[in-house]
Amino acid sequence: MEHAVASVHGGMMPKHKSKRRSESKRRRDGFRIYAQAEQEKRLAVFVSGGGSNFRAIHEACVDGRIRGKVVAVVSNKPGCGGWNYAQEMGIPTWCYPNLTSEPTSVNEKELTTMLKETLLVDYVLLAGYLKKIPVELVHAYRRAMLNIHPALLPSFGGPGYYGIKVHKAVVNAGCRVSGPTVHFVDEEYDSGKIVGQRTVQVYPTDSPEEVAARVLKEEHVLYPHVVASLCDGRVAWNERGIPMICSETEINKWE
């Protein structure tokens, strides 16, 4: 069952020749496709821990698999692995929520203004960020903010389900499959529309740590793939508000 992919469909998207940031929309096979310009997209990544998904995304930007650039990293834990990696790579870092001890701290209003107006960020990517996103920012990045969760949503999601707790719940429930989910962010935890999933086998003898390692490997494949699709303008929404990825690119490219 390993490597099954959801929300990745065939069909080449027509190319857009416009060089400006277009808001035009077209219809294709019952889906609404949001036309995107050809220029490199500006990305902000939110982290709270080691930042392995952030690293996978950044590396894909650097080597050209993602047509984007990480221009900001936001964390509630200055000094965490993701924060330190960003500083090593010369990527500006900010702290949110506000900490008086951290000079780069910003409040809710400053955060939204900084990302939207100062840095001109196109997409916000949550990569193991454990704080709730302010509603103002969610509204500013409607259908332009992604999160990755280490289980097959809608199962094992919501408040309290993060990190190893997710994998313990999967093992204790006797699940035979698990895997990561990438979804758009709304006002609630882990409830936004799903855009991609990968599955891995779970064996009765597995420990939570073994499942976690298996799922993490797939996270590093899935998240860059979805981000690249978003940056390329290959995400479409049907009339029921369900997103899909329109591409002929094989996901094996990301492995």
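A: The lining of the largest pocket draws at least three residues from each of domain 1 (39-141) and domain 2 (148-254), with bounds that come from an automatic or database domain assignment. This is a predicted model, in which local features need pLDDT of at least 70 and side-chain atom pairs count only at pLDDT 80 or more, while totals for chains, interfaces and linings use all residues. Residues are numbered from 1 along each chain as its sequence is written, and side-chain values use heavy atoms, with hydrogens and water left out.

The pocket has a volume of about 810 Å³. A pocket here is an open set of points on a 1 Å grid over the protein atoms alone, where a 1.4 Å probe fits, with protein on both sides within 12 Å along at least five of seven lines; lining residues have an atom within 4 Å of a point. The volume is the space filled by probe spheres set on the points, which are joined across faces, edges and corners.

In total, 39 residues line the largest pocket, and Gly128, Tyr129, Leu130, Ile148 and Tyr162 lie nearest its centre. Two or more lining residues come from each of helix H1 (52-62), strand S9 (145-149), helix H5 (164-172) and helix H6 (208-231). Of these, H6 gives the most, with 5 residues. Helices (H or I, at least four residues) and strands (E, at least two) are DSSP runs, numbered from the N terminus.

By residue class, the lining divides into 17 nonpolar, 14 polar and 8 charged. Ala, Val, Leu, Ile, Met, Phe, Trp, Tyr, Cys and Pro count as nonpolar, Asp, Glu, Lys and Arg as charged, and the others, Gly among them, as polar.
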